[in-house]
Amino acid sequence: MSLRVGVIGTGMIGQDHIRRLTKVLSGVTVTGVTDIDPERAASAAPEGCQVFETPQALITSETVDAVVICSWGPAHEEQLLACIHAGKPVFCEKPLVTSAESALRVMDAEVAFGRRLVQVGFMRRFDADYRRLKAVIDGGTLGLPLMYKSVHRNASVPVGLYTSEMPLNDTLVHDADISRWLLSDEIAGVEVRLPRRSRQGGDLRDPHIVLLHMAGGAIVDVEISVNVSYGYDIRGEASCEKGIAALPNRPATVISDAHGIRQAIPEDWRERFIEAYDQEFREWIVAAGQGTATGPSTWDGYAATLVADAALRAVESGQREAITMRDKPALYAQPVSQAA
Ligand code: NAD
Ligand code: ISE
């Protein structure tokens, strides 16, 4: 039987996920969509799909078995709580929410429900190259990881909509999550350094250098640059005791012409992580069909939110900001290294 899915938020990634749910993946049907912009929702709705007036109406509809949230971060909490209240599996795009208090409210509701329902959209965990990198680190032949370098470059970000907090509370959350997952460890402290500002982004604070201090002593350095113009450039390299393990460059056709020999760089996240998003949804569809969730959890969304909050504090203080997590509920007992 096909999983009947309702999508909340039909902007850039909502439309891309509707495309993969209707044209790429099997075992799933998009039966409902909604957006605060009803025209956008109507134009994104696939044939036969109902356009709901509100997220609440979509979440409680008998024609919707599971929900995909692609609205803006500040709207996620209310929509997640409504899904948990209705007992429906929900895939929520990152960031889970935009404050630690909000993350705790979602976690408390899911724990009280008693079963995982929430999967967070940290798609890098489903990327084949990241999975191979993790397998090498976990295999232990290179010894312990001591340092990890995470480079996160966007060609550009939406002018006006993407504010100076967002490199840290919208973009950095991916690097925080993948570092926890690759190094099988939690983040205990965060420092931020601000280099000379790029003139490409107007008044936007960009770029950032972020140091993530892992509880076990490894240090991750992250470059967040969101206006590099030339493409979407994601890199990762683990320095271990006896060797280095790095993400490979993406394979791309080698073009030789009058300008030289070159390979194209992905334009944005849609292109770079296309297979990862597909795989993330394949695994979600199976779990949601069983009434639950898999991969990145509410706990992981909470951890990333704490890092974002600490990074924003670190910009103000210029100091290392500590992170203290609540005790991990048994519902999320699976070690960070094994989720996805
Ligand atoms: P967008 O602005 O293009 O789309 C968001 C849509 O949500 C808009 O159509 C807006 O009208 C709608 N919306 C906002 N609040 C709503 C509400 N309360 N109820 C119903 N609809 C609402 O933004 P986007 O780039 O598609 O990002 C959406 C989410 O996906 C964000 O949380 C973003 O961080 C995340 N995202 C994740 C990735 C990834 O790589 N995993 C990539 C891009 C965006
Ligand atoms: C966007 O929301 C994403 O999640 C992308 O993966 C990230 O690279 C970008 O910086 C975010 O704005």
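## A first look around the model

Pro95 sits in the loop that runs between strand 5 (90-92) and helix 5. Keep in mind as you explore that this is a predicted model. The bond joining Lys94 to Pro95 is a cis peptide bond, with omega at about -10°.

| Side chain | Distance to an oxygen atom of ligand 2 |
|---|---|
| Lys94 | 2.8 Å |
| Thr171 | 2.7 Å |
| His174 | 2.8 Å |

On its own, ligand 2 has 300 Å² of accessible area, and the protein covers 85% of that.

Now to the helices. How do helix 4 (residues 76-86) and helix 5 (residues 100-113) pack? Their axes are 10 Å apart and meet at an angle of about 5°. Angles under 35 degrees count as roughly parallel, and helix 4 and helix 5 are therefore roughly parallel to each other. Helix 4 brings Glu77, Leu80, Leu81 and Ile84 to the contact, where they meet Ser102, Arg105, Val106, Ala109, Glu110 and Phe113 of helix 5. Six of the residues in this contact are nonpolar, one is polar and three are charged.

Two further loops are worth a visit. Ser184, in the loop between helix 7 (166-183) and strand 8, is a residue other than glycine with a positive phi, near 50°.

Definitions and conventions:
Residues are numbered from 1 along each chain as its sequence is written. Chains are lettered from A and ligands numbered from 1 in the order in which they are written. This is a predicted model: local features need pLDDT of at least 70, side-chain atom pairs count only at pLDDT 80 or more; totals for chains, interfaces and linings use all residues. Side-chain values use heavy atoms; hydrogens and water are left out. Axes are lines fitted to C-alpha atoms, for helices over the stretch in contact, and angles run from 0 to 180 degrees between N-to-C directions. Helices (H or I, at least four residues) and strands (E, at least two) are DSSP runs, numbered from the N terminus. Angles under 35 degrees count as roughly parallel, over 145 as roughly antiparallel, 65 to 115 as roughly perpendicular and the rest as oblique. Contact means heavy atoms within 4.5 Å. Ala, Val, Leu, Ile, Met, Phe, Trp, Tyr, Cys and Pro count as nonpolar, Asp, Glu, Lys and Arg as charged, and the others, Gly among them, as polar. A polar contact is a pair of N or O atoms within 3.5 Å; within protein, one must be able to donate a hydrogen and the other to accept it, and residues adjacent in sequence count only if both atoms are side-chain atoms. Accessible areas come from the Shrake-Rupley method with a 1.4 Å probe; for residues, only the protein chains shown count as cover.
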